[in-house]
Each structure stands twice: as C-alpha cells, then as structure tokens.
Amino acid sequence: METQNVLVINGHPDKISFNEEIAQTYLKEMEKLGIKATYMPIRDLNFDPNLKYGYRLRSELEPDLIKAIDLIKKSTHVVWIHPLWWFGLPALMKGFIDRTFLPSIAFNYTSEGELQQLLAGKSARIISTGDGDAETYEKVYHNSGIVQLKTGILEFTGFDPILVKYIAPIMDKTPEELSAYLNEVKTAVQEDFNMITKKAETTVS
C-alpha cells in the first residue's frame, strides 16, 4: 500500500478547547492504526487572514502559508476540525482558506471556461462542533457550515469522498459526555482509515 499522507487541520483559534481534544484524539487513534498524521493548527500560523484585494491582485504568500499549501498538496487525506460559529466557519479558518485556496493553487478555469479541480484525488473528513442539535441544524439551518466547507470549498476543488461528523451539543456537557463524543471521533478515525486504505489498494491494483 502506498504511503498515506494524512493532514489534520484545526480551525479553532484557542488551544484550550474541545476541538483541540478532538484533534489530539484523531492523531493518536490514526497513529495506533499505523499512520502518523501531520498536525496543523491554523492558530499557530503567521499570516494575514484578509484577502484584501480579492482576486484583482495577488497578495504575497507568507512563509507559513507556502508551507501549508505544500502540506495540503502532498496530502492524500485532509481532516478539517472546527467549531460552528454563527452557523459558519471561524473567521481565522475562513481567512486561511481565502488566502490558500486560490486560482492556480486549488482550482483554475481553462480558456473555454471549464473548471479544473487542482486538488482532485484527495479525500477529506470534516468534524465540526456546535451547540444546536443535529436535527435542528439540518432542518432549520440546512447544515450551513457543512455546506460551505464540503460543497462550496472541498468538492469545488476536487476532494472526494468527503466524510462528515457533526458533534453537538457541546455546551454544558459533563466530562463523561464529552468523553463519549471522543469515542465517536475514534469511530470516525476507523472509518477514515478503512476508506483511505481501500482507496489506496484500488489505485495500486
């Protein structure tokens, strides 16, 4: 089986958070299965999250963003962990995507207007946390943050398949209840491992 480059990206700006516990659980469980994933908490990167010129002018990429782009390009499976704030992504995480998922890096258009998905061939996992229950999030808010990341960003640039885990509610949960959520993360890791190894075996054969 070919080497699997798993990249875990944490979009929570605070290290002391349940999202950090989720990230560490994911990393440890994946290592138990024989894959040492790379960890990239966005909060540790030094960059301006504001795409101040849009696509009119290209802002110079900071060294940390250049390294981040290289890690994403080399990865076979990317895990995105983030809290759901105002039914969308945290500003820091959205700014990271704005600055890195650029034309000629994540996507392009041919002269005929055909979309080129430059990150095709990679799979992804989204783990998002929130305070509203899953049923309300789906029926009332139409899975807003998940649609933004899964459909509007990852599928658009070529990621496939994309697995999703929504963990909620988080607020006022006891340590025992949070520990049960971490068991769900462990199950997700096993699902991811099965998926990426099966995909690798299919590619080789």
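**Entry 1: aromatic pairs**

I counted the ring pairs and got seven aromatic pairs. The model I am reading is a predicted one.

I looked at F47 and F96 first. Their pair is edge-to-face, with 6.1 Å from centre to centre and 70° between the planes. F47 sits in the loop between strand 2 (38-41) and helix 2, while F96 belongs to helix 3, so this pair ties together parts 49 residues apart in sequence. Buried or exposed? I checked F47: its relative accessibility is 11%, and it counts as buried. F96 is buried too, at 0% relative accessible area.

Next I took W80 and F101. They also pair edge-to-face, 5.9 Å centre to centre, with 70° between the planes. W80 is in strand 3 and F101 is in the loop between helix 3 and strand 4 (107-109), so the pair joins parts 21 residues apart in sequence. I found both W80 and F101 buried.

I also noted a cluster: ring pairs link Y55, F107, Y109 and F156.

**Entry 2: two helices**

How do helix 2 and helix 3 pack? I read an angle of about 80° and axes 10 Å apart. The two helices are therefore roughly perpendicular to each other. Helix 2 brings L65, A68, I69 and I72 to the contact, and helix 3 brings F96, R99 and T100. I sorted these residues into five nonpolar, one polar and one charged.

**Entry 3: the cores**

I then turned to the largest nonpolar core, which has 30 residues. Among those with the most contacts inside it are W80, F96 and F101. Helix 2 supplies the largest share, four residues. Apart from this core lies another, of 23 residues, including M30 and V185.

Technical notes. Residues numbered from 1 in each chain as written. Predicted model: local features only at pLDDT ≥ 70, side-chain atom pairs only at ≥ 80, totals over all residues. Heavy atoms only, no water. Core = buried A, V, L, I, M, F, W, Y, C linked by side-chain atoms within 4.5 Å. Buried < 20%, exposed > 50% of the residue type's maximum accessible area, 1.4 Å probe, protein only. Axes fitted to C-alpha atoms, helices over the stretch in contact; angles between N-to-C directions. Parallel < 35°, antiparallel > 145°, perpendicular 65-115°, else oblique. Contact = heavy atoms within 4.5 Å. Nonpolar A, V, L, I, M, F, W, Y, C, P; charged D, E, K, R; others polar. Phe/Tyr/Trp six-rings, centres within 6.5 Å; stacked < 30°, edge-to-face > 60°.
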